[in-house]
Amino acid sequence: MKDAAPETAPETFYLKDYTPFGFEVQSVELTFRLAPKATRVLSRIHFAPKPGAANPEFFLHGEQLTLISAAVDGAPVTPTLTEGGLTCDVPDRPFVWEAEVEIDPQGNTALEGLYMSNGMYCTQCEAEGFRKITYYPDRPDVMSTFRVRIEGDEPVKLSNGNPTASGAGWAEWHDPWPKPAYLFALVAGDLVNHPDSFTTMSGKEVELNIWVRPGDEGKCAFGMEALKKSMKWDEDVYGREYDLDIFNIVAVDDFNMGAMENKGLNIFNSSCVLASPETSTDANFERIEAIIAHEYFHNWTGNRITCRDWFQLCLKEGLTVFRDAQFTADMRSAPVKRISDVIDLRARQFPEDGGPLAHPVRPEQFQEINNFYTATIYEKGAEVIGMLKRLVGDEDYAKAVTLYFDRHDGQACTIEDWLKVFEDATGRDLSQFKRWYSQAGTPHLKVSEDYTDGTYTLTFEQSTPPTPGQPDKDPRVIPIAVGLLGPNGDEVCATRVLEMTEAKQSFTFDGLAAKPVPSVLREFSAPVILERDTSNAERAFLLAHDTDPFNRWEAGNALAREARVAMVLEGAAPDADYLDALQKLLRDDSQDPAFRALVLSPPSQSDIAQTLFERGHAPDPQKIFDAAETFAQTLAQQLADSLPRLYADTTVSGAYSPDAISCGKRDLNGRILSLLTRLDGGQQAARQYEDADNMTQQYAALACLLKAEKGDAQSQAFFDQWKGDRLVMDKWFALQIASAAPETAASVARDLTQHDLFTLKNPNRFRAVMGALAGHHAGFHHASGAGYRLLAENLIALDKLNPQTTARMCAAFQTWKRYDADRQALIRTELERIAGTEGLSRDTTEMVTRILDA
Ligand code: 0A1
Ligand code: ZN
């Protein structure tokens with residue numbers, strides 16, 4: 001799968017070049033002799049040439065390995081070492097490959113392969129990390145059973161599957177389920193467990209453990225409950241049962257991503273599993289529940305059925321995100337989950353789809369696969385499954401998915417396999433639908449309407465802007481959920497899913513007594529950008545009357561956006577009707593507090609910048625910031641009389657609980673406190689800070705105080721209280737920047753990079769500081785260019801240690817073409833500086849090159 005490009009250019013891999021590996025791997029035995037700087041890995045692997053494959057090349061991936069010895073059927077061999085692995089002459093019949101290699105876990109700062117985190121050994125093998133552990137065909141379509149022996153003094157030694165034997169200084173594990181190497185895991189260290197058990201639907205008892213560093217054992221209970229709920233839900237909703245005697249989760253402080261679904265041994269970034277009321281916010285609790293579910297659900301969608309190659313990544317990720325969203329909707333509030341997911345999609349995926357990094361849900365080429373763990377693969381991948389379900393209906397969705405599990409259990413599959421089960425189960429032709437997988441870019445959907453003699457017609461036109469490598473797009477199948485409201489606000493036509501297949505298409509509704517108000521794209525039934533000429537009066541009408549909670553929120557969101565745009569472009573005052581609508585909703589106790597909090601949360605400043613850009617204006621980040629401030633200040637003043645009562649009414653008393661209702665109430669309460677702080681100089685926030693017995697309220701109060709520049713004492717107190725807790729300190733670091741004024745954000749961030757507790761070696765800490773800087777829209781894009789400069793300097797420094805996290809963070813620059821020529825020039829300078837750095841990693845090179853090519 002290699003390009004014939006010049007030697008210096010990074011290789012490009014293509015989907016069209018897929019060829020199967022020439023050998024079966026019948027079994028794998030690994031022995032690890034652990035030592036921080038010189039771990040020995042002994043492998044013993046049974047290979048057999050595949051029938052029909054004439055003299056296939058025996059190539060094993062391997063990187064950063066020192067080969068000590070190799071043998072075939074017990075006889076020493078001298079393989080030919082290449083940059084990415086080795087080749088060797090092997091017999092034309094089944095044989096045993098043995099190798100011993102040495103690796104350096106302590107020197108592994110890239111956190112890929114076997115590495116050390118706080119004295120503990122752990123692994124990360126997805127996507128291509130196993131090749132840093134031993135020589136192996138490190139590709140997801142090579143599946144085998146694994147036996148693992150770990151030798152070392154660490155009290156706890158874990159691997160995949162079931163434990164088989166252990167003694168002083170050693171432990172052995174066997175995973176009976178064939179798996180690709182990316183699901184391999186090993187953990188060894190001084191760990192303590194939070195144990196529990198789960199009885200599966202067929203009555204099997206499964207031992208459950210969450211393993212943590214001593215001192216963290218009090219932060220496991222919530223994760224354990226989430227795990228048991230996930231196991232039960234997957235049985236109830238998808239009929240999927242767990243398949244080993246034991247399920248282990250380990251919390252690791254240094255981790256590039258959120259978590260990893262290794263078979264039977266999930267490894268988690270500690271921020272995604274450790275939870276306690278004192279140290280975690282409501283948002284943390286919700287995220288932990290979702291990620292535990294996500295990793296657990298991978299056991300069937302990812303592990304039992306895996307991907308044939310990395311181009312198919314969305315096969316496991318899109319589906320698993322879709323499943324975890326269903327789970328969260330069932331556990332909490334479905335509308336709130338949907339609204340939150342759409343906010344997230346628009347904040348992270350739409351900019352990706354509309355910029356230089358745009359790629360199809362199933363990409364057809366890559367240089368570094370680690371750069372493709374994107375919002376497009378994950379979140380748009382999940383949207384595509386949601387559309388499929390909407391098109392075929394719930395029953396046929398269930399039939400098709402059951403067929404998928406029956407037909408493909410134990411296999412490494414493709415998107416074609418996935419779509420075929422839907423075709424076979426429903427008789428539908430999905431060839432046009434497949435364009436959602438092959439075409440990048442977010443479709444724009446223009447809507448126009450006509451009402452004549454009781455017949456209402458909606459006409460839709462779809463078009464997708466060009467994306468890198470794809471100038472022209474064909475029309476896609478778009479499920480458009482529509483309902484109609486009568487002039488008095490009653491629903492006159494319940495939700496109907498219109499199936500759009502043409503570039504331009506009309507749909508009619510007959511027998512209407514009056515011109516209706518349409519509620520289009522209910523539940524956000526497709527990931528598109530809706531364009532419709534409408535009035536604020538109609539938006540306010542939908543905000544008040546729509547039966548679809550998503551579209552009610554959407555109407556409020558559109559009002560907010562229009563109000564901001566008018567403030568920025570025309571210097572208008574905050575829109576009076578919108579302010580009025582907001583006040584009504586805020587005071588309406590019959591509405592779910594979480595919903596009210598969502599309506600109250602304004603579109604992000606980056607979102608407003610995107611809207612301005614789409615309307616032909618270069619956004620001015622400072623003006624957008626000022627408009628947000630003015631709007632909030634005006635709202636606070638108008639609500640002045642009712643804020644204290646609203647604050648009191650939404651204050652949650654009693655013992656802390658992270659349930660959906662309490663979280664929603666605290667969210668609303670926090671937003672009210674921030675308005676109140678604008679009026680009372682921080683008195684209420686200071687009281688809340690003193691009284692808080694949980695992190696949600698402590699953090700919310702501190703955020704308000706810092707924003708009002710009244711929080712120095714509390715910030716110091718917070719630091720003193722929590723300096724020993726890495727995860728809470730991440731919050732402290734991020735908050736210093738998030739609450740800074742635009743002109744000081746970069747210098748605050750620069751000072752923090754000099755702080756004793758700042759380190760490039762911990763991805764969470766790096767993200768806390770650099771992520772907060774990139775997330776401070778007006779600060780990052782300040783005209784001085786100081787934000788750009790600081791981020792670039794830190795990316796260059798981090799790249800030497802951790803290419804993966806560096807490359808991901810480069811995406812902060814992906815929207816650069818939105819801004820004016822001066823800012824673009826400043827960003828270009830920084831991107832070129834990064835690109836010109838000697839020895840820059842392949843990961844970061846690919847990202848900056850793609851961004852610069854915009
Ligand atoms: N598969 C994991 C996420 C993950 C992906 C890549 C990683 O290293 C490159 C690590 C984790 C998930 O979806 O949760
Ligand atoms: Zn996943």
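With a relative accessibility of 3%, L521 counts as buried in this structure, which is a predicted model. L521 sits in the loop between β30 (517–520) and β31 (529–532), and its phi is near 65°, a positive value in a residue other than glycine. The loop between β30 and β31 also holds F524. Here too phi is positive, near 50°, in a residue other than glycine, and F524 is buried, with a relative accessible area of 1%. As background, most residues other than glycine have a negative phi, and most peptide bonds are trans. Another backbone feature worth a look is the peptide bond from E126 to A127, which is cis, with omega near 0°. A127 belongs to the loop between β11 (120–124) and β12 (144–151).

E126 leads on to the ligand site. Ligand 1 is surrounded by 16 residues, and the closest are E126, E261, E295, E317 and Y378. By class, this shell divides into six nonpolar, five polar and five charged residues. A backbone N or O atom of A259 lies 3.2 Å from an oxygen atom of ligand 1. On the side-chain side, a polar atom of E261 lies 2.8 Å from a nitrogen atom of the ligand, while an N or O atom in the side chain of K316 is 3.5 Å from a nitrogen atom of ligand 1. Taken alone, ligand 1 exposes 360 Å², and the protein buries 97% of that. The elements contributing two or more residues to the shell are β20 (259–260), α2 (282–297) and α3 (313–331).

W732 and F733, by contrast, form an edge-to-face pair, with 5.3 Å centre to centre and 90° between the planes. W732 and F733 are likewise buried.

Finally, helix α27 (residues 842–852) is largely enclosed by the rest of the structure, because eight of its 11 residues are buried. The buried residues are D843, T844, E846, M847, V848, R850, I851 and L852. Their cover includes β23 (365–366) together with the helices α24 (786–799), α25 (803–809) and α26 (821–835).

How values were computed
Residues numbered from 1 in each chain as written. Chains lettered and ligands numbered in written order. Predicted model: local features only at pLDDT ≥ 70, side-chain atom pairs only at ≥ 80, totals over all residues. Heavy atoms only, no water. Buried < 20%, exposed > 50% of the residue type's maximum accessible area, 1.4 Å probe, protein only. Helix = DSSP H or I, 4+ residues; strand = E, 2+ residues; numbered from the N terminus. Contact = heavy atoms within 4.5 Å. Near = heavy atom within 4 Å. Polar contact = N/O pair within 3.5 Å; in protein donor to acceptor, adjacent residues only side chain to side chain. Areas by Shrake-Rupley, 256 points an atom, 1.4 Å probe, with all protein chains shown as cover. Nonpolar A, V, L, I, M, F, W, Y, C, P; charged D, E, K, R; others polar. Phe/Tyr/Trp six-rings, centres within 6.5 Å; stacked < 30°, edge-to-face > 60°.
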